[in-house]
Amino acid sequence: MELDPVVISRIQFAFVVSFHAIFPVFTIGLASYLALVYGMAFKTDNPKWERLGAFWTQVFAVVFGMGVVSGIVMSFQFGTNWSNFALATANFLGPVLSYEVVTAFFLEAAFLGILLFGRGKVPNGVHFFAACMVSFGTFISSFWILSANSWMHTPAGVEVIDGIYRVVDWQAAIFNDSFWYRFSHMALASFLTGGFVVAGVSAWFLIKKHDMQLHRKSLSMTLWLLLFLTPLQVFVGDLHGLNTLEHQPTKVAAMEGNWETRAGAPLLLFAIPDQENQTNHFEVKIPKLASYVLTHDWDGVVPGIKEKPPELQPNVPVVFWAFRVMVVMGLLMVLVAFTGLLLRRKRAYMHKRWYLQTLRVMTITPFIAVLSGWIVTEVGRAPYLVYEQMTHAEAVTPSLTGGMALFTLIGYMLVYACVFIAGLYYLTRVLQKGTEVPDHVNDEQHRPKRPLSAADVSFD
Amino acid sequence: MSEPIFDLTYIWAGIIAFGVIMYVLMDGFDLGLGVLFMFAPTEEDRDIMMNSIAPVWDGNETWLVLGGAGLLAAFPIVYTIFLPALYIGVFLLLAGLIFRGVAFEFRLKAHTSRYLWNWSFAIGSTIAAFAQGAVVGAYIQGFETENMRYVGGAFDWLTPFTAFTGLGLVAGYALLGATWLVMKSTGATQQWAYRLVKPLLFVVVAVFCVISTWTPFVDTFTADRWFSGPSYIWLLPVLGFLCVIWLYRSVSKKRQGSPFVATMGMFIFTYLGLLASKWPYVVPPTYTLKDAASAPESQLFLLIGFLFVIPIVLAYTAWTYWVFRGKVTADDGYH
C-alpha cells in the first residue's frame with residue numbers, strides 16, 4: 001500500500017492536537033473555578049474554601065504541566081509536516097502564535113508561581129488576584145489560538161502576493177467572522193469540562209465518604225453552575241452552527257447528512273452515509289426539523305453536500321457521526337444538570353448513590369464532546385486547510401514521504417503513551433490522597449515553570 | 001504596501017541570535033549533567049546533580065520555545081526549511097526533551113522506580129544534545145532547496161560530518177555540565193567533576209580541530225571566508241583558545257567558578273565564529289537574512305510584544321539564579 005504523507009500527516013496532527021487539547025480545555029475551566037474558590041475563601045474567611053482550593057491547585061498543577069509538555073510538539077508540527085502552509089501563512093500565524101507563547105510566559109513568570117506556591121506567604125487578596133490573572137491568562141492564550149484557527153476557517157484581512165499571505169488589516173484578520181462564535185463555544189466547553197470533573201470527583205469523594213462536608217459544598221456549587229452553563233452551551237452551539245451555515249455550508253450539510261439542496265429537510269437521528277454513492281442508508285428521521293433548526297422555518301431551504309463535487313467534499317460519515325456524538329454528550333450534560341435541580345429537595349443529589357455514580361461517569365463526557373466537536377469542525381473543512389484557498393495537499397511539506405510521517409506518528413504515539421500513563425497514574429495518586437492538609441514541604445524546590453512541583457504526593 | 005522607514009530585520013536577527021546562545025548556554029549545562037548522569041559514582045552524586053539544576057532547568061527551555069516561535073514570525077523560511085530538512089532529528093530532539101522533562105519531575109517524587117527515571121533523564125538528555133549538535137552540522141553543510149522549499153531527502157542531515165558535530169556537542173555540553181557541577185558542589189562530587197574536566201576538554205578541543213579541518217571540505221563558502229586573506233574574524237578562535245587555556249589553568253588551580261565562565265566563553269566564541277562563517281546567510285547556501293525575513297508589518301506587530309516580554313523573562317531568569325546561588329547538597333529538597 002502506498003503511504004500518503006497527506007493522510008498520515010493529518011492523522012498525526014489530529015493525534016497530537018487531540019492529545020494536547022484535553023489538558024488545556026480542562027485547565028482553562030479549572031483556573032476559573034480556582035479563582036472562584038479562592039474568591040470565596042477571601043470573602044468568607046472559611047478555611048473549607050482554602051482546603052478545596054489547595055486540593056484543586058495540585059490537580060491543576062499536574063494537568064497544566066502535562067499540557068505544557070504536550071504543547072511543545074504542537075509548535076513544531078506546522079514546520080515539520082505542513083511547511084507550505086507555514087510558509088504561506090507565517091506573516092499572520094507567526095505573530096499570532098508567538099503572542100500565545102508570550103502570554104503564557106508572562107503569565108508563568110508573574111502569577112502562576114503566586115497561585116501555586118504563594119498561599120500563606122502573600123496576603124489572601126493578592127493570592128486571589130493571582131488566581132484571577134492566571135484564569136484571565138488562560139483565556140488570552142486560547143484567544144490567540146482560536147483566532148489562528150478561526151482564520152483558517154474564515155480567512156480575512158489578508159492579501160496574497162506571490163503565494164504568500166500579507167496582513168493588510170490586523171483587526172479583520174484576528175477578529176475574523178467565525179472567531180467570537182468559536183471562542184464562546186470553546187470557553188463554555190472549558191467551563192463545562194472543569195465543572196463536570198469537579199462534580200465527578202466530588203461525587204467520588206462522597207461515595208468514598210471522604211471529607212464529606214467539604215465535597216457536598218463543592219458539589220452543590222458546581223451543580224448550580226452547570227445548571228446555567230449546559231443550556232447556555234446549547235444556545236451558543238446553535239449560534240455557532242448558524243455562523244458555519246453562512247460561511248461553510250458544505251460542513252453543515254455533512255453534519256446533517258443532507259446530500260441534496262432542498263426545502264423542508266428532515267433531521268436524521270440515524271443514518272449510514274455512503275459517500276461513494278452520494279446517499280444515505282437506513283435513515284431514521286424527523287421530517288422538516290433540520291430546516292427548522294437551521295433556518296427557523298419549517299420549509300426553509302438548506303444546502304446539500306452535492307453543491308460541491310465529490311473531490312471537494314469532506315468525509316461525510318466522520319463529520320456526520322462526530323456531530324451526533326457531540327450533541328448526545330451535550331444533551332446528556334443538560335439532562336444530568338437538570339436532574340440535579342430536581343434532586344435539590346432534601347438534598348437528595350448528595351445522598352442518592354445512583355446520581356453520584358452517574359456524575360462520576362459523566363466526568364468523561366465533556367472531553368468526548370470537545371474532541372468530537374473539533375473533529376466536526378476540522379474534518380468538515382476538508383479538503384481545505386485554509387478554507388477555499390489552500391488544500392491539505394497544497395499545504396503539506398513537499399519533501400515529506402509517507403514513511404517519514406508514519407515513523408514520527410508511531411514515535412509520538414509511543415512517547416505520549418508513556419507520558420500519559422505516568423501522568424494519569426500520578427494524577428490518581430493525587431486524587432487518592434484527597435483533601436487532607438498537605439505535609440510539610442520544602443518551598444525551595446517549588447518553581448512556577450515546573451508546575452508539577454506544586455503537587456506533593458509520592459509517585460510510588 | 002509601503003516599506004517602513006527602519007528595517008527591523010536586523011533587530012529580529014539579533015533577538016533570535018541572542019535567544020539561541022542563551023538557550024545553548026543555559027540548557028547546555030543541564031543537558032550536560034544529563035549526559036554525565038549515569039556515570040556519577042553514587043546515587044547521592046545524582047541527587048546533587050539534580051538539585052543543582054532543579055530550580056532553573058525549566059526556565060532554560062523557555063528560550064527554545066521563544067526562539068522557535070519568534071523564528072516562524074520573523075524568519076519563516078528558516079522555519080519552513082529547517083524543520084522539514086531535520087524532520088527525523090526534530091522528532092528525536094522533542095522526544096528526548098519530553099522524556100527528560102517528565103523524568104526529572106517524577107524522579108523527585110519516585111522511590112522504587114527511581115532507576116527508571118534516572119535512565120530516562122540520561123538517555124533523553126543525550127539524544128537531545130546529539131540532535132542539537134547534528135543541527136549545527138547540517139547548518140554548516142547547507143540545505144538543498146528550490147523555490148523557498150526544502151527538496152532534499154529524509155536523512156541528508158545525518159552524515160558522518162553531522163554525526164561528528166552531534167557527538168561534539170554532547171561532549172561540549174558534558175564539559176559545561178561538569179564545570180557547572182564544580183561550581184555548585186563540594187566534597188566527593190566536586191572532586192569527581194574536577195576529574196572530568198580535563199579529559200572532556202581534551203575531547204572537545206580535538207573535536208573542534210577536526211570539525212574546523214573538515215568544514216572547508218563540506219562548505220567552500222566558509223573556506224573562502226576564512227582563508228581569503230587576513231580578517232578580524234580570526235580574533236574569535238584566538239579568544240576561544242585563550243578560554244581553553246584559562247579553563248585548563250583554573251581547573252589545575254582548583255578554582256570554583258572560573259572553569260564554568262571559561263567554558264561559556266569557549267561556547268560564545270565558537271558560536272560567533274559559526275555565525276561569522278555564514279553571514280549573511282541563514283539558510284546556507286541560498287537564502288540570506290533579507291530573503292528569509294517576514295513582512296515588515298508582521299515583524300513590527302510581534303516586536304511590540306517581544307520588547308515587553310524579553311526584559312521580564314531576563315529579570316525572572318536573573319532573579320532565579322540569584323536566589324539559588326551557592327552550593328547545593330544532596331538534602332536540598334526532595335524528601
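Start by selecting A:Ala189, A:Leu192, A:Thr193 and A:Phe196 in H6(A), which meet A:Thr365, A:Pro366, A:Phe367 and A:Val370 in H12(A); contact here takes C-beta atoms, placed from the backbone, within 7 Å. Helices are DSSP runs of H or I with at least four residues and strands runs of E with at least two, numbered from the N terminus. By class, this contact has 6 nonpolar, 2 polar and no charged residues (Ala, Val, Leu, Ile, Met, Phe, Trp, Tyr, Cys and Pro count as nonpolar, Asp, Glu, Lys and Arg as charged, the others, Gly among them, as polar).

Before moving on, note that this is a predicted model: local features need pLDDT of at least 70 and side-chain atom pairs count only at pLDDT 80 or more, while totals for chains, interfaces and linings use all residues. Residues are numbered from 1 along each chain as its sequence is written, with chains lettered from A and ligands numbered from 1 in the order in which they are written.

Next, select helix H2 of chain A, residues 47-81. Look for a kink of about 30 degrees centred on A:Ser75 (the angle between axes fitted to the seven residues ending there and the seven starting there). Of the 35 residues in H2(A), 27 are buried, that is, 20 or more other C-beta atoms lie within 10 Å of their own C-beta, placed from the backbone.

Finally, show both chains: 58 residues of chain B are in contact with 49 residues of chain A. On the chain B side, colour H5(B), which gives the most, with 13 residues. That side has 37 nonpolar, 15 polar and 6 charged residues.

How values were computed: Contact = placed C-beta atoms within 7 Å. Expected span 1.5 Å × (residues − 1). Buried ≥ 20, exposed ≤ 12 C-beta atoms within 10 Å, placed from the backbone.
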